[in-house]
Amino acid sequence: MRRYKYLIKGQVQGVGFRPFIYKLALGFALVGFVKNDINGVELEIQGEQKDIELFEESLHSKLPPLARIDDIQKREIKPLHENSFDIIQSCDNSKNSYKSALIPPDTAICHECLADIKDEKNKKYHNYFATNCTNCGPRYSIIKTVPYDRKNTSMQKFKMCKSCKEEYTNPLNRRYHAQPISCNNCGPVLSLFRGEQKVNIAQKDIVQKVASLIEEGNILALKGIGGFHIVCDATNDEAVKKLREFKHRPTKPFAVMCRDMEQIKNFACVNEKEEELLTSKEAPIVILKKLTCQSNLHVKISSLLAPNIDAIGCFLPYTALHHLLFAHLQNPIVATSANLGDEPIIISVENIFKKLPFVDFTLDFDREIINGVDDSLIQVVDGKTQILRLSRGFCPKAIKLPFKSEKKILAVGANAKNSIAFVMDDKIIISPYIGDLDSMEAFGFFERTIETFKRFYDFEPDVIVHDRHPDYETTKWAKKQNKELVEVQHHLAHIYACKAEFGLSGDYLGFSFDGTGYGDEGTLWGGEIFVGDKRKYSFKQIKLLGGAKAIKEPRRVALSMLFDELSLEEVLKLELDLVKSFSKDEIKILHQSYIKNLNAPKSSSVGRLFDAIASFSGIAQSVSYEGESGLLCESYYDKNIKKCFEYSIDNRVIDIKIVKYMLKGEPGKKELNSMFINTLVKIIVDISKREKLDVILSGGVFQNKTLLELTCQELKQEKIKHYFQQETAINDGGIALGQAYYALSHSEF
């Protein structure tokens, strides 16, 4: 007879792990107990050695769907006189040690709960909008602190009915200790508002009424797991047009929620990997290629959803409420985050009334959202996932380290697409997506998220890691904290984010391409190639005429490139769309800016080169959202065009001869855009062959699916090992992870 004590760490709270242990122990005739504590799950088992070994084997092979084991600490202890195995009450020993139990992410409704809400004989859960169990539903969005018990969530105020209590306390029931458990008799209720006025309507009729309001062309705010969506009929041009006007969002794509896979396949191409992601428990938005012809399809979505590009973001219903709504809807719906400009997702009905008065109706329920969390955004590249926004379903996310850090580290990330990262013991924990920190509300969300994770883990950082940019709000915040500081260059942080995901160390050839980042000489970088930690190559710098204005107007970038090669008089004579888009006086003023370096910062950004190509090819002289030029260029790519621009590398500066080619004639839109992407691929492969190191590809420019796929294919052909992020954000959402890993790699922690 042997007895062992275990501490199991990982995603083991709020995911049905204790009842799983309970059933295993009974199955192998073991005695002892299991309980949650602030570090994970504590377990003692006693029995025959062979049965304990079988138990341990099953522990790994039969895990519940949402559970993940990162570490098991085991030691033998003295056997006790026991005759049962019990699940005992959680233990909060936070006074003696810091908290480290992982917070589980919110996940999509499971098949069993979906069957419950559709079962007319199930009086408890039939048509109940908040149905969940230990295998699904809200987690991070409702939790205040660990351990993950009901009293520590926004479900605390809802008293369980007798029936729910029985399920909650039965270890053999899948709702055992499902903290958000509730039903039609005891749980949250729906409320429908017209403007700010509550609509008097029976609970059983609300969802059907909402469906009819959508079909009539109304714009609604609909509460989800981590915040509100703004929704309307995705086939209704007038409704989509109104929504664009109200949100001041002229062309940025809207995501579309569809009833099922069949509906998505009506207007988008879906491969096996994409379908796997769409139907996964994380239920992200997946970027898909539009079908070229919709004329013979049952569902024809509005052309205003993702204008001018050949891609569209789709996702499936992921809550009981969504599924109940689609029982009454024939068409897919726009489901975009409810927010104002660059502000965070709205989580309260009061803020919908205050900030989005254009909404016709609002569907709310009285379970409070403690932590706002946006939808995750993913695409499939070269058969692998690529994260564009790491959030609901995936976060908080923990990356296991091969060593322990003696210090607690907080990495505060970038100003755009912000997320933050925490280093504790042997883990880096990444927060969900926070967003662009260009407003007071967004920066307030950044600060609240830091406080949330401090509360989760009784975390107080010893070290804060920040970007080198002095004007980033994150940098300013870090410097006010009176902590040890580590500064990391933006583009090197991109490389280290990839190294962190794959656990890499040592020197790699790192291609870090993005829109903007602060360089070593006070210039704006964005096309940097590193050997180890040293920048070895970069792209020729372009003067951004008008500073930040050039980011919104690609024509300014292209004009600057013309000024590099031609005199003012020669530029004025050119019959190019970009030249015609300015008046002669404007061109003369901008030329003065170019000559005298007035409000004309230099940038080596590959993102700005995409802007220039969009302008030169006449597909965009101005843009309304970040990355629009890249998406447009990709839409014009023709795989049959194999040509490249000439390019040179002098003193390790890469100069693509775009203007030289332009002056030879009038190249077509497809020709210019295809040649540019081909040239970037060629540059990456040529330098990789020269340097003879394994390759890392990171930064927002590599969100360009065509560029990344072609690069991977060519590197494979040359047998060059390469990495790009698949489980963390490749754009600025990954900067905090890279900052944290850089600090760990360069300090005695």
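Me: How many cavities of 30 Å³ or more are found in the whole structure?
Reply: The search finds six of them. A cavity here is a set of points on a 1 Å grid over the protein atoms alone where a 1.4 Å probe fits but cannot get out, and its lining residues have an atom within 4 Å of a point. This is a predicted model, in which local features need pLDDT of at least 70 and side-chain atom pairs count only at pLDDT 80 or more, while totals for chains, interfaces and linings use all residues. Residues are numbered from 1 along each chain as its sequence is written, and side-chain values use heavy atoms, with hydrogens and water left out.

Me: How much space is in the largest cavity?
Reply: The largest cavity holds about 140 Å³, a volume being the space filled by probe spheres set on the grid points, which are joined across faces, edges and corners.

Me: And which residues lie closest to its centre?
Reply: Of the 17 lining residues, Phe129, Ile225, Thr319, Ala320 and Arg367 are the closest to the centre of the largest cavity. The lining comprises 10 nonpolar residues, six polar and one charged. Here Ala, Val, Leu, Ile, Met, Phe, Trp, Tyr, Cys and Pro count as nonpolar, Asp, Glu, Lys and Arg as charged, and the others, Gly among them, as polar.

Me: Which members of the largest nonpolar core touch the most others?
Reply: Ile264, Leu305 and Ile428 do, in a core of 78 residues. Helix α24, residues 735–746, supplies the largest share of this core, eight residues. Such a core joins buried Ala, Val, Leu, Ile, Met, Phe, Trp, Tyr and Cys residues through side-chain atoms within 4.5 Å. Another core, apart from this one, has 74 residues, including Val571 and Met662.

Me: What does Ile428 contact, leaving aside neighbours within four places in sequence?
Reply: Its contacts (heavy atoms within 4.5 Å) include Lys397, Phe422, Leu737 and Leu744.

Me: What follows α19?
Reply: Gly618 follows α19, with a positive phi near 75°.

Conventions:
Buried < 20%, exposed > 50% of the residue type's maximum accessible area, 1.4 Å probe, protein only. Helix = DSSP H or I, 4+ residues; strand = E, 2+ residues; numbered from the N terminus. 1 Å grid on protein atoms, 1.4 Å probe; cavity = no way out; pocket = protein on both sides within 12 Å on 5 of 7 lines; lining within 4 Å.
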